[in-house]
Protein chains: 2
Amino acid sequence: MALIVQKYGGSSVANVERIKNVALNIAKNRTNNKIVVVVSALGDTTDELISLAKQINPKPSSREMDMLLATGEQVSIALLAMALDAINVPVISFTGPQVGIITDNVHTKARIKEIKTNRIDTVLSENKVVIVAGFQGKTPENEITTLGRGGSDTTAVALAAALGADLCEIYTDVEGVYTADPRIVTNASKLKRISYDEMLELASLGAKVLHPRSVELAKLYNVPLCVRSSFINKEGTLVVENTLMEKEVVVTGIAHDLNVAKIGLFDVPDQPGIASIIFNALAKANINIDMIIQSAMRNNINDIAFTIPKDDLDKALEIANNVAKEIDISEIVFDDDVAKISIVGAGMISSPGVAAKMFNILARENINIEMISTSEIKVSCIIKTKDVSKAVQVLHEGFELDKITDQQQNKTLA
Amino acid sequence: MALIVQKYGGSSVANVERIKNVALNIAKNRTNNKIVVVVSALGDTTDELISLAKQINPKPSSREMDMLLATGEQVSIALLAMALDAINVPVISFTGPQVGIITDNVHTKARIKEIKTNRIDTVLSENKVVIVAGFQGKTPENEITTLGRGGSDTTAVALAAALGADLCEIYTDVEGVYTADPRIVTNASKLKRISYDEMLELASLGAKVLHPRSVELAKLYNVPLCVRSSFINKEGTLVVENTLMEKEVVVTGIAHDLNVAKIGLFDVPDQPGIASIIFNALAKANINIDMIIQSAMRNNINDIAFTIPKDDLDKALEIANNVAKEIDISEIVFDDDVAKISIVGAGMISSPGVAAKMFNILARENINIEMISTSEIKVSCIIKTKDVSKAVQVLHEGFELDKITDQQQNKTLA
């Protein structure tokens, strides 16, 4: 009997009918497996709660925000437990704090430090389905925390790791991981398998299908992940340790991310530690910096540009302006009309010229590249938002991702 | 500096504007007092959650119901904390489980066993307003429980008792305790003071203004209660230890309760212990039995009639039918078209003939009395639902409650 952790996202439980369908799917899987279910808040609940909060306080404290948002998943677990009970599946639900998901104290963006599994172990041994609220936990001081957007994926993988589960299934509104966003590239291919590293890059680069932290965690604890549709019973995409795909296919997928803003600092004094002052101040506010470019020094003065999530722009500009008063920065500019486009593939490591090919394809279409960043298995470029669709399409075609065959994919199954 | 516990009901926080008004009221009171706030779920949230649950499972488990319903108050505390923060009042919110409200394990109808006040004490000493979710707690085994309808009043009084508060203010949508329901008796008078015992009877008898358990608790721990409007800044009704009012006024108020159903058991064998079999079975299901009448024995056979809350009728009939199979009961009948009407007043103890006067007044209007029950300070009658309005009006007039003057009330302030 295998132990499977299943995660159902907000769209999978958006209404009464869908909750009942999820219950049926769990019941079906339960005949051969022990099941732990992680569930998100119903549909748009989280957004609605945030909007309500902002009507009351434009800058709500992050502690109270966690207090508010944690209710969303608590509603889901109770309703899903009732739906299972209605079809005679023995079940019990737990909130994150209740079941012992211990996090640090960074409210609204907490990280899981530990999961106490004794309560779940006991209930599983009683042959019950366990439902756990995603996205939430508590600090050792008993404060309620949330893990940030997409945190339910992280809860699911962390639980799978802590429980030593055989598989972690992520049920969502798409059928799996595609070579590019199918809404932009109509002939995008669904991947049968992808490596943790590739998925990590894709997720980090804006493919919405999995939260990057969850992939990181899955890789760290070697938890086999499966991304599949909660609406259609079809094979999804398996995310596992390195596959052989890189030998067949250089580029596995194209990702794009519209949640990007660029900040430029002009005439930053070229003294040791200046960059660390700026980036420490942003880190303290829990703002993730993505790309950083420091221009060549002229006259002991630098220009620095960096990108951040668009949501953090106001906060980042406020911080940058405060820092600018302390050190001698002449001008701060920003651009929130940019996006990031990336190619990802473990095969790049052994294939020189992939980045150059990407730049050529974009140049041919007159798409201007504003910033570039590379890793061993990806190349990312910042471009104007208006160019995103075109860029995804021409890169998908240029790297022949529409021609990934089932045969190629099957070959990769070692 | 006094310590005041303030409780705001669901209608007081039904929307963003009202939440902001509550915040302003707290801020005003805070200048001279330490404030602990207990708050209910927003408006009709609890009813909406129940309706959602029933769509998924007509008989949801009470544990999962508590999991679901507890979210309502958690939303309220977070939003109210945000509203106070927005006007620069230092504040922190706590769920019931978080702040150490420990209950028994009777889900959906739990009773408070203990309140750990150390966390609240610490925060009060930091000069912060403390907001606590009403209606909820946890068992020693960390299970989330709710206290049943009106439980937020109970939370407030229990907190006031545990903290040794100087006053417990219950803010609601009426201006205080009236001699009868003002929607039925237009010239009903607002009482300035009422004793715990009288309030307890009124609350138990259907006056919705306070939950009877909260009054019981207030009496037990001698917590001064004040019932007042959250919309209009007017003196409310003070509920305290025996006032002198009984010397002036025999009957203090008329209560009525529509949430009543009557069950009749015919031809119950007259053997010792039979009644206890029936009523134990009902008690096990947490059904509160109100009046019980056992008819005079004839041929070793009894008829038993009793009343219960209308909400519990289906469950009670099911239990009664099961019991009927074991012991020899010939027929079970019920009537859910009845109501209870009561007169309350500490002055009755020393005034004989009050009950007789009540029966006379009702008889004069051809209102049939189906069951009667009395205590030292009240007389209750079961009548047909259609007669309720008329009965309240004629009793209010008959006992001259419209003539309670401010002078009489002021005299009672010892």
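This is a predicted model: local features need pLDDT of at least 70, side-chain atom pairs count only at pLDDT 80 or more; totals for chains, interfaces and linings use all residues.

Biologist: Which strand is joined to β18(A) by seven bridges, and in which sense do the two run?

Modeller: That is strand β16 of chain A, residues 331-344, and the two run antiparallel.

Biologist: What does β17 of chain A do next to β18(A)?

Modeller: Strand β17, residues 371-375 of chain A, is joined to β18(A) by five bridges, and this pair also runs antiparallel. A:S375 has A:K378 as its bridge partner in β18(A).

Biologist: How many residues does the hairpin between β17(A) and β18(A) pass through?

Modeller: Two residues.

Biologist: Is β18 of chain A mostly covered or mostly open?

Modeller: Mostly covered. The strand covers residues 378-384 of chain A, and six of its seven residues are buried.

Biologist: Switching to chain B. What is the strand order in the open sheet of eight?

Modeller: The order is β3-β6-β2-β1-β9-β11-β12-β10 in chain B, with mixed pairing.

Biologist: Which strands stand at the edges?

Modeller: β3 (91-94) and β10 (193-195) of chain B. Each has a single partner strand, so one side of each has no neighbour in the sheet.

Biologist: How much are neighbouring strands of this sheet turned against each other?

Modeller: By 20 degrees on average, ignoring direction.

Biologist: Which helix packs on the sheet?

Modeller: Helix α1 of chain B, residues 16-30. It touches β1 (2-8), β2 and β6 of chain B, and its direction makes about 155 degrees with that of β2(B).

Biologist: And how are β2 and β6 of chain B joined?

Modeller: By four bridges, with strand β2 (residues 33-39) and strand β6 (residues 129-133) running parallel. B:V38 has B:V132 as its bridge partner in β6(B), and B:V39 stands opposite B:A133.

Biologist: How does β3(B) pair with β6(B)?

Modeller: In the parallel sense, over four bridges. On that side B:V91 stands opposite B:V129 in β6(B).

Biologist: How many residues of β6(B) are buried?

Modeller: Five of its five, so to speak a mostly covered strand. B:V129, B:I131 and B:A133 point one way from β6(B), while B:V130 and B:V132 point the other way, and all are buried.

Biologist: Now the whole of chain A. How many helices and strands are there?

Modeller: Chain A has 14 helices and 18 strands. Its radius of gyration is 23 Å, close to the 22 Å that the globule rule gives for 414 residues, so chain A is as compact as a globular protein of that length.

Biologist: What does the C-alpha trace of chain A span?

Modeller: About 75 × 55 × 35 Å along its principal axes. Of the 414 residues in chain A, 49% are buried. Among contacts in chain A with a separation of 6 or more, 76% are between residues 24 or more positions apart.

Note on methods: Residues are numbered from 1 along each chain as its sequence is written. Chains are lettered from A and ligands numbered from 1 in the order in which they are written. Two strands pair if DSSP finds at least two bridges between them. Axes are lines fitted to C-alpha atoms, for helices over the stretch in contact, and angles run from 0 to 180 degrees between N-to-C directions. Two residues are in contact if their C-beta atoms, placed from the backbone, lie within 7 Å. A residue is buried if 20 or more other C-beta atoms lie within 10 Å of its own, exposed if 12 or fewer, and partly exposed in between; C-beta atoms are placed from the backbone. The radius of gyration is taken over C-alpha atoms; the globule rule is 2.2 Å times the number of residues to the power 0.38.
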